[in-house]
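Dear colleague,

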Amino acid sequence: MASSSLTKIIEDYIAQLLEENEDGTISLRRKDLAERFGCVPSQINYVLRSRFAPENGFLVESQRGGHGYIRVVQLTFKNCDEKVDHIAELVGSAITEQEARKLLVNLQNREVLSPRERLIIEVALRNQEENGRTLFDISPYRRDLMRAELLRKLLTSLVLG
């Protein structure tokens, strides 16, 4: 079995467990999942890191000791302030073009952004990048800082709008 399809199977299994659980929280054991799917525990780690990351709307907590449980929590927000804080945390103080693009795609997949909103933000970020690089000769790190600031402002205004 190809690892990408195994990754998808494990992801679907965890997503199904989350869907079945009313409160959007599940506890798992890496070892049990690895045995169930005939893989190594690091494959489970990969699925959790890549598919159940905060930018995808999840929080993964390791509960070491005893039996090494992992808690997967589907993030939900009670109010706009929580969404704004989450966006600020996801974007951080600096973000690369690639990270920003990945975040925007994930937000669109989660239906936080429409395809049109994502496109408009990408155009604004690309324009800022081009101006920073060509017109003003701004260092790559400073452009990452500027990108993060613009992205936070745009996403916050959409969340609050």
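**Salt bridges and the cavity**

Arg147 forms a salt bridge with Asp144, and their closest N and O atoms are 2.6 Å apart; a salt bridge here is a side-chain nitrogen of Lys or Arg within 4 Å of a carboxyl oxygen of Asp or Glu. Before going further, please keep in mind that this is a predicted model, in which local features need pLDDT of at least 70 and side-chain atom pairs count only at pLDDT 80 or more, while totals for chains, interfaces and linings use all residues. Residues are numbered from 1 along each chain as its sequence is written, and side-chain values use heavy atoms, with hydrogens and water left out.

Arg147 and Asp144 are three residues apart in helix α7, so about one helical turn separates them. Helices (H or I, at least four residues) and strands (E, at least two) are DSSP runs, numbered from the N terminus. Arg147 is buried, with a relative accessible area of 3%, and Asp144 is buried too, at 18%; buried means under 20% relative accessible area, exposed means over 50%, and partly exposed is in between (1.4 Å probe, protein chains only). Both residues belong to a network of salt bridges that also links Glu129, Arg133 and Arg143.

On a 1 Å grid over the protein atoms alone, a cavity is a set of points where a 1.4 Å probe fits but cannot get out, and its lining residues have an atom within 4 Å of a point. Grid points are joined across faces, edges and corners, and a volume is the space filled by probe spheres set on the points. The structure holds one cavity of 30 Å³ or more, and about 40 Å³ of space lies in the largest cavity. Leu125, Gln128, Glu129, Arg143, Met146 and Arg147 line the largest cavity, and the elements that give two or more residues to this lining are α6 (115–135) and α7 (140–160). Sorted by class, the lining has two nonpolar, one polar and three charged residues, where Ala, Val, Leu, Ile, Met, Phe, Trp, Tyr, Cys and Pro count as nonpolar, Asp, Glu, Lys and Arg as charged, and the others, Gly among them, as polar.

The structure holds 10 salt bridges. Another of them joins Glu11 to Arg51, with the closest N and O atoms 3.2 Å apart, and this pair links distant parts of the chain, since Glu11 is in helix α1 and Arg51 in helix α3, 40 residues apart. Arg51 is partly exposed, with a relative accessible area of 28%.

**The nonpolar cores**

A nonpolar core is a set of buried Ala, Val, Leu, Ile, Met, Phe, Trp, Tyr and Cys residues joined through side-chain atoms within 4.5 Å. Which members of the largest nonpolar core touch the most other members? Of its 17 residues, they are Ile10, Ile14, Phe52 and Val72. At least two residues of this core come from each of α1 (3–20), β1 (25–29), α2 (30–37), α3 (41–51) and β3 (69–74), and the largest share, four residues, comes from α1. Leaving aside its neighbours within four places in sequence, Ile14 is in contact (heavy atoms within 4.5 Å) with Ile26, Leu28, Leu33, Val47, Leu48 and Phe52. Apart from this core lies another, of 16 residues, among them Val84, Ile87, Ala148 and Leu155.

His86 lies in helix α4 (residues 80–91) and is buried, with a relative accessible area of 10%. Beyond its neighbours within four places in sequence, His86 is in contact with Pro54, Leu75, Phe77 and Arg110.

Glu111 has a phi near 65 degrees, a positive value in a residue other than glycine; Glu111 is in the loop between α5 (97–109) and α6, where it is exposed at 71% relative accessible area. Asp137, in the loop between α6 and α7, has a phi near 50 degrees, again a positive value in a residue other than glycine, and at 65% relative accessibility Asp137 counts as exposed.

**The chain as a whole**

The chain has seven helices and three strands, and from the N terminus on its elements run α-β-α-α-β-β-α-α-α-α. Buried residues make up 34% of the 161 residues in the chain.

With best wishes

Definitions and conventions
On a 1 Å grid over the protein atoms alone, a cavity is a set of points where a 1.4 Å probe fits but cannot get out, and a pocket is an open set with protein on both sides within 12 Å along at least five of seven lines; lining residues have an atom within 4 Å of a point.
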